[in-house]
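Biologist: I would like a close look at a single part of this model. Please take it slowly, as I am new to reading structures.

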Amino acid sequence: ATHRAGVIARLMEPNNPLVARIIAHDQSAILQLLQDHGNWRQLMEQLSNASPELQSAARSISSYREQILVVLQERYGAQRVGTASTELISDVDLNVVGNAAGENLIRAERYMQEAYGENWNRMLRMNFYTEAGRLSQYERVMSQLSAAARARVQTRMTELTEKYNFARMM
């Protein structure tokens, strides 16, 4: 918390060159600030309640995140869940759909980690989910199976879940 307060204090210094670069949509300056601060919600709250110059910087940072969303949609089919909020502090939930939803979710998370670091989800306040409709398909299929077949499927699902969770930790 002390570190984040220092980051904001430095931004508030008159004629801060980093703020000017952020307002000019300099992606490296925006990423530098996001990584240094590390918490989207707190950063956006603080910038939104500051000077007009820092409010403009907040809008530039939000535009940067929107550009990331375009890349995620194009590469991995990740689509925003629900309607987009106009509040700068809002989180972004992304739904990955299709037959390869799980694989694409893993690939998208790996890309985000490689491009933006370990803290990408707090830094950008975004999360990935797989297609919600897949849950109802699972329930429909399971209800049509015998008890023995359900047990085999559940065992296999547990094995796959363990592999998926282990892969995410790598």
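This is a predicted model: local features need pLDDT of at least 70, side-chain atom pairs count only at pLDDT 80 or more; totals for chains, interfaces and linings use all residues.

Which residues of H3 are buried?

Modeller: In H3, the buried residues are Ala29, Ile30, Leu31, Leu33, Leu34 and His37. Here a residue is called buried when its relative accessible area is under 20%. The residues listed for H3 pack against H1, H2, H4, H5, H6 and helix H7, which covers residues 120-124. Just after H3 comes glycine 38, with a positive phi of about 85 degrees.

Next, the loop between H2 and H3. Histidine 25 is found there. Its phi is near 65 degrees, a positive value in a residue other than glycine. Histidine 25 has a relative accessible area of 44%, so it is partly exposed. The loop between H1 and H2 holds asparagine 15. Asparagine 15 is not a glycine either, yet its phi is positive, at about 55 degrees. With a relative accessible area of 74%, asparagine 15 counts as exposed because the cut-off for that class is over 50%.

Now to H1 itself. Its buried residues are Val7, Ile8 and Leu11. Seen down the axis of H1, these residues fall within an arc of 95 degrees, so they line one face of the helix. An α-helix has 3.6 residues a turn, so residues three or four places apart point the same way. The cover over the buried residues of H1 includes helix H2 (17-23), helix H3 (27-37), H4 and H5.

One of these neighbours, H4, can be described in more detail. H1 spans residues 2-11 and H4 spans residues 40-48; the two pack at an angle of about 35 degrees, and their axes are 11 Å apart. The crossing of H1 past H4 is right-handed. On the H1 side, the contact is made by Arg4, Ile8 and Leu11. On the H4 side, Gln42, Leu43, Gln46 and Leu47 take part. Sorted by class, the residues of this contact are four nonpolar, two polar and one charged.

The structure holds four aromatic pairs. One of them joins tyrosine 76 and tyrosine 111: the ring centres are 6.0 Å apart and the planes are at 40 degrees, a tilted arrangement. This pair links distant parts of the chain, since tyrosine 76 belongs to helix H5 (residues 52-76) and tyrosine 111 to helix H6 (residues 101-116), 35 residues apart. Tyrosine 76 has 9% relative accessibility and counts as buried. Tyrosine 111 is buried as well, with a relative accessible area of 17%.

Tyrosine 111 also pairs with tyrosine 116. Their ring centres lie 6.4 Å apart with the planes at 85 degrees, so this pair is edge-to-face. Tyrosine 116 is buried, at 10% relative accessibility. Together, Tyr64, Tyr76, Tyr111 and Tyr116 form one aromatic cluster.

Technical notes:
Residues are numbered from 1 along each chain as its sequence is written. Side-chain values use heavy atoms; hydrogens and water are left out. Axes are lines fitted to C-alpha atoms, for helices over the stretch in contact, and angles run from 0 to 180 degrees between N-to-C directions. Helices (H or I, at least four residues) and strands (E, at least two) are DSSP runs, numbered from the N terminus. A crossing is left-handed if the near helix is turned anticlockwise from the far one by less than a right angle, and right-handed if clockwise. Contact means heavy atoms within 4.5 Å. Ala, Val, Leu, Ile, Met, Phe, Trp, Tyr, Cys and Pro count as nonpolar, Asp, Glu, Lys and Arg as charged, and the others, Gly among them, as polar. Rings of Phe, Tyr and Trp (its six-membered ring) pair if their centres lie within 6.5 Å; planes under 30 degrees apart count as stacked, over 60 as edge-to-face and the rest as tilted. Buried means under 20% relative accessible area, exposed over 50%, partly exposed in between (1.4 Å probe, protein chains only). The arc is that of the directions from the helix axis to the C-beta atoms.
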